[in-house]
Amino acid sequence: MMTGPGGSSGQFVSDVGVVGLVGTGVIGKGWAVRALSRGWEVVATDPAPGAAEGLMAFVERAWPAATALGLYPGARPDRVRFVDGIEEVAGRTDLVVESVSEREELKKEVALQIDRALAADVLICSSSSGLLPSRLQAGLRHPERYLVAHPFNPVYILPLVELCGGRLTSPGALAAAKAIYEDLGMHPLVVRNEIEGYLSDRLQEAMWREALWMVSDGVATTDELDQAIIYGPGLRWAGMGTMLTFHLAGGSGGMRHMLEHFGPALELPWTRLKAPPLTERLSESLISGIDEQAAGRSVAELEQLRDGFLISVMRALRPHDLGAGRMVADREAVRLGAAARTWRPGVEVVAPLELYHTQVEPDWVDYNGHMTESAYLTAFGWASDALFRFVGIDEDYRAGGHSFYTVETHIHYRREASVHQELFFTTQVLGVDERRLHIFHAMHDKDGRRLSSTEQMLLHVDTEAGGAVSVLPGPARALAAVEEAHRKLGVPPEVGSRMSLDRGS
C-alpha cells in the first residue's frame, strides 16, 4: 500500500452527503446518477457549452435504470446544482471526483486548482483509466489525499471501482475512499502496486490488442470476435473471472493439473502476446492464490456453483433478446413445442389436462431453500404456456399480433417446494368466451400431493393495437372443446375464495 508523507495515515472525510463533480462527460454523468441514487446531493462544474443541460438530460435518461437497481432513501434526480467553477464546487462538497479528459497535463492542472480550493481533509479522486497517480499528485499542497478511483461504464450500474494511490497517498486516504465507495454501493478494489492501466484495463487491453491483430490479419470480423466472448467465456467471467475458470478447467486436479496439462501451450505462437516463463515460483503463486479463492470448496462444488449462475445469467439475458438469452428462448420454443400435445377435433379431451412437467430450478428458491412467490407465478406461467400450445397459441400465433394477457391471479400455497423437486401440473378450463379465459392450475409433487393452485382470468388482446379482441377461430374451437370436457369436473373449492379473518359473532 502507498504511504503518505512520513507514513502518516491522516484523517479524511468519509461520511459523504454532497459529492462534487469536476467534468461531466460520460463518466462524470455516470457518477452523478450513482451519487443521486444513493441519496447524495451533486454539485458539478464543466466549462463545455451546454454541459448543465446535458447532465440533466442524461440523469433523466438513466434514472429508470438506477431505479430498477434500487434507490436509497432521499434519492431524487433533481438534487443537482451546476456551478461556474472549481472554487464553488470545493466550497460545498464532502468529496471531489475529477473526470476530465484523459490527458496527464490537463488532469495535473485541474488537480492543482482543486487542491488549492479544497479543505485538507476532503479526498480528491480522479476517474483516470490508466495514468499514474504519483505523476498526477506531484506539486499538490496535500498530495496525501489524492488517489485514482477508476470506475467502469455505466458507472451507475457496474459496481467495480479500482482504487490506486500514488507514492504520496496516505493509507488513511485509501481507507476513507474504500469506505466511501462501499457506502456508494460499489466494490472498491485496491490496487496494491501502482501500475499504468491498473488491473482491469490491462486485462481488457490485452484482449483488445489481440482482437485488433486478428481483424488486421483478416482472421475474423468484429462480430465474430464479439460472438467468441458473448456465447462462451463472457458468461463464465460474470461469476468467476479468469483464474477460477482455469482452475475448473483442470478437472479434479484443479489449477495444478491445468498448468501441467496446458502450460506448454504458452510457448505456442497463439497470440501476439508473449507469456512469461511458467516457472515453479509462478505456478505456486497461481496454485496458492486459487486455493485461497476456493476457500475450501472442492472442484465439484465450484462446478455446481458455476453451472447455477451460468443458467441464471443466460436466463437474465432472455427478456432482452441478447446473446445466450436469445438461445434460451429458442431452446424453450423448440423444447416446449416438441413436447406439446395439441388438440385435434374428435379426440377426447382429458379432464383435467396434464401438460406441464418440470423440477424446481435453483434460481426459483430463496435463502430458506424453498420456492419464492415469484417462482410459483413463473411455474404457473409455463403451465399456461403449455395450455396455449395445446389449443394452437404458439410463437407463430403471437408473431401474428395476438396473445392472452393475465388480468387477475389468486394463488393458494399448501406445501413448500424445494430445489430440484419434481413437479407436474393439472389444468382445468373453467370458462371461455370470445375474449376471456378462466383457468385453474394445480401444482403437484411426483407423489401427487397438491403443493399449490392458482386461479387466473386472462384477456385475449391484439398486441399491436393494445386492446381486447376475439380469439381466432382455431384456438377458439379448441378452448370450447376443452371447456365442455371439463364441465364434469365441477368447480374447485379454491375458486372465487377470498382472504378474511373470521372474528366470530
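This is a predicted model: local features need pLDDT of at least 70, side-chain atom pairs count only at pLDDT 80 or more; totals for chains, interfaces and linings use all residues.
**Helix 1 against helix 2**

Helix 1 covers residues 26-37 and helix 2 covers residues 51-69. They pack at about 55°, and their axes lie 9 Å apart. Helix 1 and helix 2 are therefore oblique to each other. The crossing of helix 1 past helix 2 is right-handed. Helix 1 contributes K29, G30, A32, V33, L36 and S37 to the contact. Helix 2 contributes G54, L55, F58, V59, A62, W63 and A66. By class, the contact residues of this pair comprise nine nonpolar, three polar and one charged.

**Confidence**

The mean pLDDT of the protein is 90. A score of at least 70 is reached by 96% of the residues. Residues 1-9 stay under 50 in pLDDT. For this stretch the model has 28 contacts beyond four places in sequence.

**A buried glutamate**

E210 sits in helix 7, residues 200-216. Its relative accessible area is 14%. The cut-off for buried is under 20%, so E210 is buried. Setting aside neighbours within four places in sequence, E210 contacts W270, T271, R272 and L273.

**Backbone features in loops**

One runs from N153 to P154, with omega near 0°. P154 is in the loop between strand 6 (146-150) and strand 7 (160-165). Another joins A351 and P352, with omega about -5°. P352 belongs to the loop between helix 14 (323-339) and strand 9 (353-359).

Y198 is a residue other than glycine with phi near 60°. H420, also not a glycine, has phi near 70°. Y198 lies in the loop between strand 8 (187-190) and helix 7. H420 lies in the loop between strand 10 (402-413) and strand 11 (422-432).

| Site | Backbone angle |
|---|---|
| N153 to P154 | omega near 0° |
| A351 to P352 | omega about -5° |
| Y198 | phi near 60° |
| H420 | phi near 70° |

H420 has 47% relative accessibility and counts as partly exposed.

Methods: Residues are numbered from 1 along each chain as its sequence is written. Side-chain values use heavy atoms; hydrogens and water are left out. Axes are lines fitted to C-alpha atoms, for helices over the stretch in contact, and angles run from 0 to 180 degrees between N-to-C directions. Helices (H or I, at least four residues) and strands (E, at least two) are DSSP runs, numbered from the N terminus. Angles under 35 degrees count as roughly parallel, over 145 as roughly antiparallel, 65 to 115 as roughly perpendicular and the rest as oblique. A crossing is left-handed if the near helix is turned anticlockwise from the far one by less than a right angle, and right-handed if clockwise. Contact means heavy atoms within 4.5 Å. Ala, Val, Leu, Ile, Met, Phe, Trp, Tyr, Cys and Pro count as nonpolar, Asp, Glu, Lys and Arg as charged, and the others, Gly among them, as polar. pLDDT is the predictor's confidence in each residue, from 0 to 100. Buried means under 20% relative accessible area, exposed over 50%, partly exposed in between (1.4 Å probe, protein chains only).
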